[in-house]
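Q: I would like to learn how to read confidence, strand pairing and packing in a model like this one. Where do we begin?

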Amino acid sequence: MTRFRTALAATLVCFSATAAADLSSVPSGNYGLDKTHGYITFSYDHLGFSNPHVGFESFEVELSLDNENIENSTVNVMIDATSISSRVEVFDGHLNGANFFDTANHPTITFKSTGIQMTGDTTMNVTGDLTIKGVTKPVTLETTINKAANHPMRQVPTIGVSSTTKVSRSDWGLDRAVPSVSDEVTIWMEVELLRNIDQ
């Protein structure tokens, strides 16, 4: 009986976790970034010695969710490129300069989804156009819905999302120091999205 109860409890926990991540538990509509819980970072190989992590301090994420047909949903990301932060002031100056992001002439980085394909109950591939320095290339974000439920404190429908992709920075003219510093860059996005309450 004890083993049965243990197995039943484990099953209920797993079911609860899956249900909480099911997008059907939140309504369709427009969702925006909770700016206190949003992170966009990227990492690369630096001369084989380390894998630095660099992020952006200012960005927006907009989700238009269609629960009747998830594939009809859209995602837009707008990043203030000038907000790039490596936590090293001198390096931030280099990253803002013409050899890298050239933020004086290209202050915004954008991602606009062109398609969403469900790959599991809580996973999907979000394909879209990534524009950096005026160059647009297609990328696919491997995305996991961590949780979709009513926020216990804010009392609004909330979706927690983790996304990642790998790109070659040279595709956007960011090829400074390749191959000593890796061309391949891994991008992560961790965000909590709140449903707009005026809908």
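A: Begin with pLDDT, the predictor's confidence in each residue, from 0 to 100. This is a predicted model, in which local features need pLDDT of at least 70 and side-chain atom pairs count only at pLDDT 80 or more, while totals for chains, interfaces and linings use all residues. Residues are numbered from 1 along each chain as its sequence is written, and side-chain values use heavy atoms, with hydrogens and water left out.

Q: What is the average pLDDT of the protein chain, and over which residues does pLDDT stay under 50?
A: Where pLDDT is low, the predicted coordinates should not be read in detail. The chain average is 90, and 88% of the residues score at least 70. Residues 2-19 stay under 50, and the model gives them two contacts (heavy atoms within 4.5 Å) beyond four places in sequence.

Q: How do strands E6 and E7 pair?
A: Strands are DSSP runs (E, at least two residues), numbered from the N terminus, and two of them pair if DSSP finds at least two bridges between them. E6 (residues 108-118) and E7 (residues 123-132) are antiparallel, with eight bridges; one of the bridges links Gly115 to Thr127.

Q: What about E7 and E8?
A: E8 (residues 135-150) pairs with E7 in the antiparallel sense over ten bridges, and Asp129 stands opposite Pro138. Two residues lie between E7 and E8 in their hairpin, where Lys133 in the turn has a positive phi of about 55 degrees.

Q: Which residues does Ile159 contact?
A: Beyond its neighbours within four places in sequence, Ile159 contacts residues including Leu23, Val26, Tyr31, Ile145 and Leu193.

Methods
Helix = DSSP H or I, 4+ residues; strand = E, 2+ residues; numbered from the N terminus.
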